[in-house]
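Dear colleague,

Please find the structure below, handed over for your work. My notes on it follow directly after.

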Amino acid sequence: EGWLSLSHMTADVSMFPFKEWLKCQNKAVKNHKQELSEIAHPQGPYIVRETIARMIALTRGVMCEPEQIVIGTGTQPLIRQLMDVQRNDTRVAIENPGYFRIYQLLKSMNYDVSPAPLDEKGININKVEEIDPNFLFITPSHQFPTGIIMPISRRIELLNWAALSNDRYIVEDDYDSEFKYGTDNIPSLQSLDRNQRVIYTGTFSKTLLPGFRISYMVLPPNLLRVYKKYYSSWIQGSNSFTLYTLHYFIKSEAYARHIKRMNHHYEMKRKNLIKQLRLRFQDGITIKNIPAGLHFLAEFKTERGYEEIEARAKQEQLEIYTIKRFMLKGVTEYNKLELVIGFASIQNEDINEAVDRLYRIMK
Ligand SMILES: Cc1ncc(COP(=O)(O)O)c(CN[C@H](CF)CCC(=O)O)c1O
């Protein structure tokens, strides 16, 4: 019957409004031939940055001017640009478990990168003070991969910590913050920042499609000055055609409608998957049931180790990922079997079959 996927790295392409997207593409051709014939602004076309600035002000409380926005072809290239213009002795801390692709990028740039552990409120503030980083990478809206939603109290603690020095920044990765199911959508950390300490990054990979490669970064004025100094001759890497299409997709409210529709769709699939998992595994499964994002963590009682589970998953043609990929350096072997279970790809009618395969893999 072929492969089924519980990957957390996808979006549900079966629901993407390609017809509306193509209409916006036509508008881009009609209204912006001139701009398409030229090299775009290093940070991306102004009107696209203006539309993004307005949208994140409305949806995430982010306060910024279009001049502070840098558009990029992904979170990694944006972080690379930001960090390329920092001093070599810059110290960095990142959540552990955390987004290993950023961890690996920062290490490949020869920065001193320290994984910092979490507690029930997100990144552990005492550990942050111990490490004393210049840049702190966090995902407060929906910690990646544990899903923890950082309470306001911890956000304030972190902002107070950052405000104590001109040489401290917090990179707020607001990844998949758009998907909340019945839980409150806490405004961005950036919206609480009064000292130009927060760099805000967002992406359209989860709300549109990861293949579009459209992400953005909001720099506080002091870092924007540094950025402009180093990148004045930079040619924007994004595809202007896609960016102008995005501009019309957002302005026509198609984007807002799509997110609303996807929230309902994902909430229904998530509920069904959790129900089937509980029915099948009974007390053999413990689900970290935080109602947000496009994946959840689930711990399974099994005698089998990670390698064996991954091998059996291939046999069963079920795409699954374990928590190991997010356990950054210096963490002892996990003594429980934990999966990151994504529900964007799996079609509702395939959920029972996927759960059956998972049951055979674990038993
Ligand atoms: C924490 C976090 N911040 C941003 C992105 C978005 O990056 P970009 O598309 O480049 O804008 C991801 C995307 N994560 C990937 C797909 F889910 C990879 C996960 C894995 O490698 O496990 C992410 O986890």
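Predicted model: local features only at pLDDT ≥ 70, side-chain atom pairs only at ≥ 80, totals over all residues.

Cavities

The structure contains 4 cavities of 30 Å³ or more. Two or more lining residues come from each of helix H3 (75–84), strand E3 (91–96), strand E6 (135–138) and strand E7 (169–173). Sorted by class, the lining of the largest cavity consists of 8 nonpolar, 4 polar and 2 charged residues.

Sheet and packed helices

An open sheet of 4 strands runs in the order E10-E11-E14-E13, and its pairing is antiparallel. Strand E10 (285–288) and strand E13 (321–322) each have a single partner strand, so these two edge strands are left without a neighbour in the sheet on one side.

Between E13 and strand E14 (residues 337–342), the antiparallel pairing extends over 2 bridges. Thr322 has Leu339 of E14 as its bridge partner.

Two helices that pack on this sheet deserve mention. Helix H9 (residues 254–281) packs on the sheet with contacts to E10, strand E11 (295–300) and E14. The direction of H9 makes about 155° with that of E10. Helix H11 (residues 351–362) also packs on the sheet, where H11 touches E11 and E14. Its direction makes about 165° with that of E14.

Cis peptide bonds

The peptide bond from Asn96 to Pro97 is cis, and its omega is near 0°. Pro97 is placed in the loop between E3 and helix H4 (100–108). A cis peptide bond also leads from Phe144 to Pro145, with omega near 15°. Pro145 sits in the loop between E6 and helix H6 (152–163).

Positive phi values

Which value does phi of Asp132 take? Phi of Asp132 is near 55°, which is positive although the residue is not glycine. Asp132 belongs to the loop between helix H5 (125–131) and E6, and Asp132 is partly exposed, with a relative accessible area of 28%.

Arg213, likewise a residue other than glycine, has a positive phi near 55°. Arg213 lies in the loop between strand E8 (198–203) and strand E9 (215–218). With a relative accessible area of 35%, Arg213 is partly exposed.

Yours sincerely

Key: Residues numbered from 1 in each chain as written. Heavy atoms only, no water. 1 Å grid on protein atoms, 1.4 Å probe; cavity = no way out; pocket = protein on both sides within 12 Å on 5 of 7 lines; lining within 4 Å. Points joined across faces, edges and corners; volume = space filled by probe spheres on them. Nonpolar A, V, L, I, M, F, W, Y, C, P; charged D, E, K, R; others polar. Pairing = 2+ DSSP bridges. Contact = heavy atoms within 4.5 Å. Axes fitted to C-alpha atoms, helices over the stretch in contact; angles between N-to-C directions. Buried < 20%, exposed > 50% of the residue type's maximum accessible area, 1.4 Å probe, protein only.
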